[in-house]
Amino acid sequence: MKRVFLIATIALAPHVHADDFVHLLDGRVLQGKITRVTTLSVSLKMRLPGVAGTSNREINMETVNFIDFEPLPGEEAAL
């Protein structure tokens, strides 16, 4: 049993990563990986729940309150 868990953990490890968070003015928070930011919009690649796919969303900057970016490599250790 431990061996199966270890194999599953190793297999899934590359898929575990920090995400960016887009906080909207209506209170919702979208989680994913930001792929592009312009003065007009932000593009967010989101993992779909329960499936192995992703969805790309284009969000109008007029609806964005603020953005939390994932830490840069080594940034957490420096704090």
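**Figure 1. Glutamate 58 and arginine 36 are joined by a salt bridge whose closest N and O atoms are 2.8 Å apart.** The pair links distant parts of the chain, with glutamate 58 in strand β4 and arginine 36 in strand β2, 22 residues apart. This is a predicted model, in which local features need pLDDT of at least 70, side-chain atom pairs count only at pLDDT 80 or more, and totals for chains, interfaces and linings use all residues. Residues are numbered from 1 along each chain as its sequence is written, and side-chain values use heavy atoms, with hydrogens and water left out. A salt bridge is a side-chain nitrogen of Lys or Arg within 4 Å of a carboxyl oxygen of Asp or Glu. Strands (E, at least two residues) and helices (H or I, at least four) are DSSP runs, numbered from the N terminus. Glutamate 58 counts as partly exposed because its relative accessibility is 47%; arginine 36, at 40%, also counts as partly exposed. For these labels, buried means under 20% relative accessible area, exposed over 50%, and partly exposed in between (1.4 Å probe, protein chains only).

**Figure 2. Serine 43 makes a side-chain polar contact of 2.7 Å with glutamate 58.** A polar contact is a pair of N or O atoms within 3.5 Å; within protein, one must be able to donate a hydrogen and the other to accept it, and residues adjacent in sequence count only if both atoms are side-chain atoms. Serine 43 belongs to strand β3, residues 41–47. Its relative accessibility is 8%, so serine 43 counts as buried. Residues up to four places away in sequence aside, serine 43 touches Lys33, Ile34, Thr35, Arg36, Arg57 and Glu58; contact means heavy atoms within 4.5 Å.

**Figure 3. Lysine 33 in strand β2 forms a salt bridge with glutamate 70.** The closest N and O atoms of the two residues are 1.9 Å apart. With neighbours within four places in sequence left aside, the contacts of lysine 33 are Asp20, Ser43, Leu44, Lys45 and Glu70. From C-alpha to C-alpha, lysine 33 and serine 43 are 8.5 Å apart in space, and they are ten residues apart in sequence.

**Figure 4. Aspartate 19 and arginine 47 form a salt bridge, with the closest N and O atoms 2.9 Å apart.** Aspartate 19 sits in the loop between α1 (2–12) and β1, and arginine 47 in strand β3, so far as the chain is concerned 28 residues apart. Aspartate 19 is buried, with 8% relative accessible area, whereas arginine 47 is partly exposed at 46%. Four salt bridges are found in a search of the whole structure.

**Figure 5. Five strands form an open sheet in the order β4-β3-β2-β1-β5, with antiparallel pairing.** The edge strands, each pairing on one side only, are β4 (54–60) and β5. From one strand to the next, the twist averages 40 degrees; axes are lines fitted to C-alpha atoms, for helices over the stretch in contact, and angles run from 0 to 180 degrees between N-to-C directions. Two strands pair if DSSP finds at least two bridges between them. Seven bridges join β3 and β4 in the antiparallel sense, and leucine 44 stands opposite arginine 57 in β4.

**Figure 6. Strand β1 pairs with β2 and with β5.** Its pairing with β2 is antiparallel over four bridges, and the antiparallel pairing with β5 also has four. Histidine 23 lies in β1 and stands opposite valine 29 in β2; phenylalanine 21 has aspartate 68 in β5 as its bridge partner. The hairpin of β1 and β2 has four residues between the strands, and glycine 27 there takes a positive phi near 100 degrees. Four of the five residues of β1 are buried. Histidine 23 counts as buried at 17% relative accessibility.

**Figure 7. The largest nonpolar core has ten residues: Val22, Leu24, Leu30, Ile34, Val42, Leu44, Met46, Ile59, Val64 and Ile67.** At least two residues of this core come from each of β1 (20–24), β2 (29–37), β3 and β5 (64–68). Strand β3 gives the largest share, three residues. A nonpolar core is a set of buried Ala, Val, Leu, Ile, Met, Phe, Trp, Tyr and Cys residues joined through side-chain atoms within 4.5 Å. Apart from residues up to four places away in sequence, valine 64 touches Val22, His23, Leu24, Leu25, Val42 and Ile59.
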